[in-house]
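Hi,

Here is the structure I promised to pass on. Have a look at it first, then read my notes below.

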Amino acid sequence: MNFLSPWAFAFAATIPLVVVFYLLKRRRVVKLVSSTLLWQKFLAESQASAPFQKLRRNWLLLLQILMLILAVLALSRPYFAAKSPNSDLRVLILDASASMRSTDEKPSRFEKARKEALTWVDSLRDGDQMVVLQVSGNTEVKQSATGEKSALRRAILSCQAADAPTRPAPAFKMAESLIRDRSKESNPEIHFFSDGAFADLAGFDNSSLPVIYHKVGVSSENLGITALDVKANPENASQRAIYASVSSFSTNTLQTDLELRLDGTLLETRPVTMKPGEISRQIFLATQTNDGIFSVHSTLEDELAADNDSSIVSLLPHPEKVLLVTRGNRFLERAIRSVPNVQLAIADSLNDEAPEFDFVVLDDVIPTVWPKGNILAFRVANTNWFEKITEIESPAIVDWRATHPLMHYVGFDTVQVAKSLQVKTPSWGVSLVESPQATLMAAGELGHQRIVWVGFDTLESTWPYRVSYPIFLANVADWLNPASERNNQLLVHAGDPFRFRSPPGVTNGTITLPDGKKRELTVDPKAGEVVFGDTLKQGVYHLSIGSNEIPFCVNLLDSSESNIKPHEELQFGKFVKVEATTLHRTNFELWRHIAAAGLGVLMLEWWYYHKRTA
Amino acid sequence: MTAPLLPPELLRRLEQFQLLSARRAKSSARGERRSRARGQSVEFADHRNYTPGDDFRYLDWNLFGRLEKLFLKLYEEERELPVRIFLDASESMAFGEPRKFDFARQIAAAIGYVALCGFDRVGVITFPQIAEDTAVLGALRAVRGRKSALNYFKNITALHCGGSADLNESLRRGALEARQAGVAVVISDFLDPAGYEPGLAALVARGFQVNALQILAPEELSPSAYGDLRLIDAESGNVQEVTFGKYRQAAYQQMVQNFCQRLREYSQARGISFFMAASNTSLEQLLLRQLRQAEVWG
């Protein structure tokens with residue numbers, strides 16, 4: 001047994017004081033009696049019959065000394081040293097994501113993690129420091145490095161679990177920077193309290209972080225909605241199709257009812273039976289006459305409630321206005337016209353910003369005035385888009401980014417290009433199609449403008465003859481459509497910031513949270529955008545800005561987070577793994593137990609004193 | 001007007017009693033107690049030869065007819081029985097509710113009244129003897145005859161208590177001063193640090209038939225004062241510090257029982273009638289039942 005505060009033994013010097021106080025005459029009640037003879041006999045008899053007469057006489061004194069010894073012992077903070085070595089700096093990272101709200105641990109994983117974290121605070125020695133970080137959708141420093149336990153406890157108690165997924169990478173990077181300058185002797189540690197329900201951590205391959213992973217959670221009885229989207233019904237344009245993906249992470253077969261609501265009105269209830277690990281994709285069809293909010297609710301009471309509800313704003317589609325600026329391209333014209341719900345206008349030059357069009361297609365025509373809206377540009381580029389543009393003959397297409405929304409069902413296997421412009425991938429976008437030398441197609445967002453750039457003239461390629469060509473243009477029409485962009489903006493993943501282009505001249509707005517609380521927002525007119533970051537609770541939010549009332553939905557929709565099975569190890573990059581530790585705390589402190597015993601002795605002394613004088 | 005020491009009804013009932021004594025009266029004064037002396041009474045005792053000068057009235061003529069010798073018939077002389085009441089009038093007797101001294105005076109009055117009704121001589125000796133009671137004690141030194149009962153009561157009532165007493169010395173002196181032994185009644189709390197044995201032994205040795213009555217206050221039998229106490233002895237001024245609580249009550253009462261039991265055993269070993277009473281005991285109960293059962297009177 002060791003002592004965290006051995007100087008407290010100096011208080012033992014007060015023990016003689018108790019004896020001195022005891023020796024001082026007690027104030028007694030004076031009473032005149034007929035004779036003290038009987039009392040003398042009584043005292044003589046009672047003392048003679050007591051087994052420890054000397055001790056009995058000083059019983060109170062012994063209790064008081066015992067209590068004082070216990071108090072001194074508690075102040076000296078004895079502890080049993082455990083397996084973990086001492087550390088001068090510990091970085092506590094508390095996972096406050098949605099999965100930590102699972103109730104397989106009572107009352108929740110998060111509360112258990114918090115309790116365990118508090119025990120580590122208690123075990124802090126004098127001179128040790130600790131940092132408290134909370135991680136969910138973002139990383140929050142709850143307490144910078146300090147040895148003050150009360151501040152650390154306050155910081156841990158102030159942590160709140162959110163509905164957001166875990167993004168631990170920034171937290172580990174921050175922890176890494178905190179311990180980087182510490183010497184090896186100080187033995188810094190990173191304590192991560194989590195269930196490991198998140199995607200693997202990339203970018204930590206070479207950093208041998210001293211991570212101690214405290215696994216929380218025992219089971220994985222969960223069924224969650226992991227994807228939600230709403231589109232026009234391809235077979236009946238008057239209907240809306242709601243796509244919901246439901247995943248089971250349980251080891252048992254689960255049954256649930258999926259309820260579809262439009263603005264709170266129940267439209268359909270669909271029973272779903274799911275085998276262990278099954279993913280069920282459900283499509284609901286509904287008639288919608290006005291803009292509204294579709295909500296899907298799973299009635300099964302599983303261990304994680306955060307993924308049982310999802311909502312999505314559904315705006316009625318409007319015809320998409322497209323301006324094609326070309327010197328003549330029948331393939332392109334026909335392909336755009338084949339896209340549903342598109343109103344196409346064709347021009348051979350562009351002299352204004354074309355504000356009335358949703359997007360402009362520039363087919364190898366340099367406009368006099370560049371449009372302000374979204375652009376699909378073939379073999380033409382604004383000067384500020386790329387650093388350097390060169391031309392290449394017969395470039396070989398070696399790769400394309402199939403995961404990008406523009407490239408869904410688009411392949412370049414049999415496409416040949418005669419000549420093309422080539423660029424270095426710009427910072428504002430990503431490369432879609434690549435040759436061995438450079439980028440042939442790029443897409444991204446510059447300012448508030450979405451740009452799809454194609455480096456070659458489609459008429460100088462075999463692409464128009466391929467089926468991927470009209471599919472690509474359909475994807476472009478969807479991606480560049482401001483309405484679909486707006487739809488995407490109105491569906492926010494918990495923890496992600498909500499962004500909305502603010503009307504000109506507006507300087508402030510109000511956001512109403514799902515619980516009814518209101519937040520005032522200040523809008524920078526120069527930025528022209530509302531950014532709201534406090535999206536840790538899922539539900540329907542309402543933005544009031546100017547004369548507009550814009551609802552947006554915050555959902556978890558994260559299969560990594562819904563998969564609440566606690567991970568036995570954390571994967572850092574490809575090669576590094578950290579197994580869950582069984583350590584609970586470095587030191588098992590005894591002072592609480594000793595203080596409780598001292599309190600017991602105090603109560604015993606109080607009882608004994610009153611018993612003998614009552 | 002103060003209340004009478006004993007109620008008239010009780011007095012009437014007490015008149016039926018007579019102090020019992022195993023010993024023959026040795027007093028020189030005539031009374032109603034059988035004695036070893038020969039004299040005039042109706043109780044035949046013995047014969048003796050006639051000597052000239054004897055009263056012819058006591059000759060046994062029947063015997064002369066048979067034996068033709070003159071014998072004189074002797075009769076037992078009835079003498080009085082001296083009853084000495086030793087009354088503890090120390091400061092310690094002033095305690096209790098009711099006061100032990102008041103209770104003791106009532107008992108002394110009752111015993112004295114029974115003795116007076118039996119034509120016995122009653123003497124009351126208090127210890128310590130308070131100066132202001134000198135005259136009263138003089139009157140109580142020897143009281144005889146039922147007609148003296150009123151004065152007897154009056155004098156008993158006039159007695160005071162106070163000061164420190166020496167029980168042994170008082171009893172020893174009382175034994176020595178008595179011209180004839182008789183019945184001795186010691187009424188005290190027997191709470192003398194020096195003990196009671198020498199005093200009682202002196203009375204027994206002098207030939208007294210001793211009755212010991214221990215009077216204790218209810219507070220002494222079962223104290224109700226709890227806590228850290230500084231007790232001051234009313235007689236000696238001694239200080240005793242004690243911490244007392246309910247949980248020690250039983251031990252205290254056991255100690256009192258032991259104390260009384262030792263006194264009882266001591267008394268029984270020497271033929272002393274002993275009984276103890278709390279000062280709040282019913283007087284009728286004590287006098288008419290307990291003392292009768294103890295054969296103090298009958």
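A quick term before we start: contact means heavy atoms within 4.5 Å. This is a predicted model, where local features need pLDDT of at least 70, side-chain atom pairs count only at pLDDT 80 or more, and totals for chains, interfaces and linings use all residues. Residues are numbered from 1 along each chain as its sequence is written, chains are lettered from A and ligands numbered from 1 in the order in which they are written, and side-chain values use heavy atoms, with hydrogens and water left out.

Let's begin with A:Gln288. Setting aside neighbours within four places in sequence, A:Gln288 is in contact with A:Arg240, A:Leu262, A:Phe294, A:Ser314 and A:Leu316. A:Gln288 is buried, at 6% relative accessible area (buried means under 20% relative accessible area, with a 1.4 Å probe and protein chains only). Its side chain makes a polar contact of 3.3 Å with that of A:Arg240 and another of 2.6 Å with that of A:Ser314. (A polar contact is a pair of N or O atoms within 3.5 Å; within protein, one must be able to donate a hydrogen and the other to accept it, and residues adjacent in sequence count only if both atoms are side-chain atoms.)

Now chain B. Buried residues are 52% of its 298 residues. Among chain B contacts between residues at least 6 apart in sequence, 75% join residues at least 24 apart. As one example, B:Leu14 is in contact with residues including B:Leu6, B:Ala110 and B:Trp297.

Happy browsing!

Conventions:
Buried means under 20% relative accessible area, exposed over 50%, partly exposed in between (1.4 Å probe, protein chains only).
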